[in-house]
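Here's a walk through the model, one region at a time. Keep the structure open while you read.

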Amino acid sequence: MIQVLALIVIVIVIVFWKLYKYHTNKINLPPGSFGWPFLGETLAFLRANWDGVPERFVRERIDKYGSPLVFKTSLLGDRMAVLCGPAGNKFLFGNENKLVAVWWPKPVKKLFGRCLITIRGDEAKWMRKMLLSYLSPDVFVSRYVAAMDAVTRRHIEVHWRGKEEVNVFQTIKLYAFELACRLFMSLEDPNHIAKLGSLFNIFLKGLNEIPIEVPGTRFYSAKKAAAAIRTKLATIIKARRAELQEGKASPSQDLLSHLLTSSDENGTYLTEMEIANSILLLLFAGHDTSASSITLLMKTLGEHPDVYDKVLKEQLEISNAKKEGELLKWEDMQKMRYSWNVVLEVMRLNPPVYGAYREALVDIEYAGYTIPKGWKIHYSAASIHKDEAHFEDVTCFDPSRFEGAGPTPFTYVPFGGGPRMCLGKEFARMEVLAFLHNIITNFKWKLLIPGEKIEYDPLATPVKGVLIRLHPNVV
Ligand code: HEM
């Protein structure tokens with residue numbers, strides 16, 4: 001009986017495989033290779049990321065196949081088209097929900113459950129609108145900037161002041177997590193935040209793993225950690241709901257209150273599970289990315305004393321114009337033009353997120369080739385940011401590239417673009433600048449491992465986390 005069943009399964013697989021081959025042989029697929037069975041070209045892709053040069057994977061294939069616009073490959077078990085150059089980015093960002101839709105690898109979907117990145121179409125539009133009404137620039141004007149500055153000052157007093165040596169990435173991860181917990185949920189208790197943080201680190205480790213739910217695997221532990229985080233979030237959500245009903249909390253207090261009190265046009269509210277998943281998503285999307293960009297910024301300032309001096313000058317002009325102890329305001333952040341250009345240039349050379357993915361909703365005709373329905377599509381920020389065709393003297397650190405009109409549209413995409421552009425771009429800008437303001441007006445630092453290598457696993461991080469020696473800034 002078992003043999004018969006096995007035979008039937010084999011026959012079905014062969015028939016489908018032949019039909020698929022017949023279909024794909026008839027269509028003009030982009031040039032490229034699917035690499036090894038199952039593994040595809042994943043190893044070459046990961047190796048380039050671990051070597052800190054994700055652009056190498058794209059560049060080698062563009063050169064090999066002579067097609068500067070698109071090539072095919074197979075990554076992490078999925079057939080994929082990689083779209084290159086500004087035309088590819090414009091195409092993807094302009095066709096969301098028409099020809100393509102946002103796509104994340106399987107472990108991400110399994111661990112996050114129903115939330116913004118795992119839903120599409122009108123539902124996703126509504127969820128984005130709802131989250132954006134909290135994360136948009138006009139909200140920062142009234143609420144966030146001073147609160148962010150206050151959290152940053154406290155963090156610097158506890159974790160930097162009086163220390164001789166600091167591991168930047170480890171300490172900044174703590175900062176970004178604390179900041180998100182305080183601003184999203186008004187969590188104040190450091191022990192509570194630390195417990196949530198350690199569960200979160202286990203959760204993060206499962207996002208890049210094969211989703212096998214067997215005890216002992218990273219994915220299994222991540223799933224358990226996700227369940228424990230959800231239980232903690234459920235308790236926090238219930239307590240806040242009660243506080244709102246009793247008038248002890250305000251609807252505009254933080255993201256959590258906002259999500260509990262906002263409904264769609266039909267009067268439908270988010271379920272507690274949807275709220276927990278959304279907060280989980282924002283804690284994830286917002287904390288390692290910002291930690292990566294701040295760490296790379298500190299490394300770059302350590303390597304370029306001339307840039308450090310110019311940033312310090314700009315930041316001192318802002319702090320000198322304020323009264324003793326007065327917190328940063330939105331208007332102050334707008335004055336940090338040179339500082340922000342420095343951050344942008346740091347993210348050009350090492351975008352914290354190397355790129356993102358979409359799925360083809362239909363057979364797509366692109367650059368004379370067909371990308372079949374269901375294929376995944378990748379755009380690479382890392383590769384376009386280092387393309388000589390769009391950035392002169394491409395490896396040179398030069399923040400002046402961002403003066404005036406800045407880079408040509410669709411060539412600079414650290415936050416993605418189109419309807420699925422990073423939702424936390426403004427939050428990240430305020431967070432990085434608030435930190436930069438406080439650290440540079442207080443300290444100078446020396447890199448203890450000069451020329452430290454950066455790897456992508458999956459976010460850009462210096463391998464040893466950037467170890468520095470701190471010196472109080474006498475200004
Ligand atoms: C320097 C810091 C950051 C970088 C470089 C970054 C980059 C990105 C990128 C590349 C994407 C994918 C865009 C795409 O699919 O094309 C993304 C999506 C997203 N980011 Fe960020 N991000 C940062 C900080 C943040 C922060 C602080 C938050 C939250 C407070 C956040 C929330 C999100 C969300 C929710 C999405 C999914 C948007 C959607 O699918 O509609 N990000 N981010």
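Let's begin with helix 4, where Gly85, Gly88, Asn89, Phe91 and Leu92 are buried. They cover an arc of only 160° around the axis, so they sit on the same side of helix 4. Helices (H or I, at least four residues) and strands (E, at least two) are DSSP runs, numbered from the N terminus. The arc is taken over the directions from the helix axis to the C-beta atoms.

This is a predicted model, so local features need pLDDT of at least 70 and side-chain atom pairs count only at pLDDT 80 or more, while totals for chains, interfaces and linings use all residues. Residues are numbered from 1 along each chain as its sequence is written.

Asparagine 97 is in the loop between helix 4 (85–94) and strand 3 (100–102). Its phi is near 70°, a positive value in a residue other than glycine. With 16 C-beta neighbours inside 10 Å, asparagine 97 counts as partly exposed.

How far apart are the end C-alpha atoms of helix 6? They are 21 Å apart, which agrees with the 21 Å that its 15 residues (121–135) should span at 1.5 Å a residue. The expected span is 1.5 Å times one less than the number of residues.

The buried residues here are Ala124, Met127, Leu131, Tyr134 and Leu135. Their arc is only 90° around the axis, which puts them on the same side of helix 6. An α-helix has 3.6 residues a turn, so residues three or four places apart point the same way. Turned away from the buried side is a face with the exposed residues Asp122, Lys129 and Ser133.

## The nonpolar core

The largest nonpolar core has 111 residues, and Leu83, Ala180, Phe184, Ile279, Leu280, Leu297 and Ile377 touch the most other members. Helix 12 (residues 272–303) gives the most to this core, with 14 residues. A nonpolar core here is a set of buried Ala, Val, Leu, Ile, Met, Phe, Trp, Tyr and Cys residues joined through C-beta atoms within 7 Å.

Isoleucine 279 touches Phe184, Met185, Leu233 and Leu256, leaving out residues up to four places away in sequence. Contact means that the two C-beta atoms, placed from the backbone, lie within 7 Å.

## Around the ligand

Which residues come nearest to the ligand? Of the 25 around it, they are Ala285, Gly286, Gly416, Cys422 and Gly424. A residue is near if its C-beta atom, placed from the backbone, lies within 6 Å.

Helix 6, helix 12 and helix 17 (425–442) each supply at least two residues of this shell. Helix 12 gives the most, with seven residues. By class, the shell has 17 nonpolar, six polar and two charged residues. Here Ala, Val, Leu, Ile, Met, Phe, Trp, Tyr, Cys and Pro count as nonpolar, Asp, Glu, Lys and Arg as charged, and the others, Gly among them, as polar.

## Helix 15 and its partners

Helix 15 has 13 residues (337–349) and should span 18 Å at 1.5 Å a residue; its end C-alpha atoms are 19 Å apart, which agrees. Its buried residues include Trp340, Val343, Glu345 and Arg348. The buried residues of helix 15 pack against helix 12, helix 13 (305–320), helix 16 (381–385) and helix 17.

Most residues other than glycine have a negative phi, and most peptide bonds are trans. Alanine 367 has a positive phi of about 50° although it is not a glycine. You'll find alanine 367 in the loop between strand 6 (364–366) and strand 7 (369–371). Alanine 367 is partly exposed, with 17 other C-beta atoms within 10 Å.

Aspartate 457 and proline 458 are joined by a cis peptide bond, with omega about -10°. Proline 458 is in the loop between strand 10 (454–456) and strand 11 (460–462).

Key: Buried ≥ 20, exposed ≤ 12 C-beta atoms within 10 Å, placed from the backbone.
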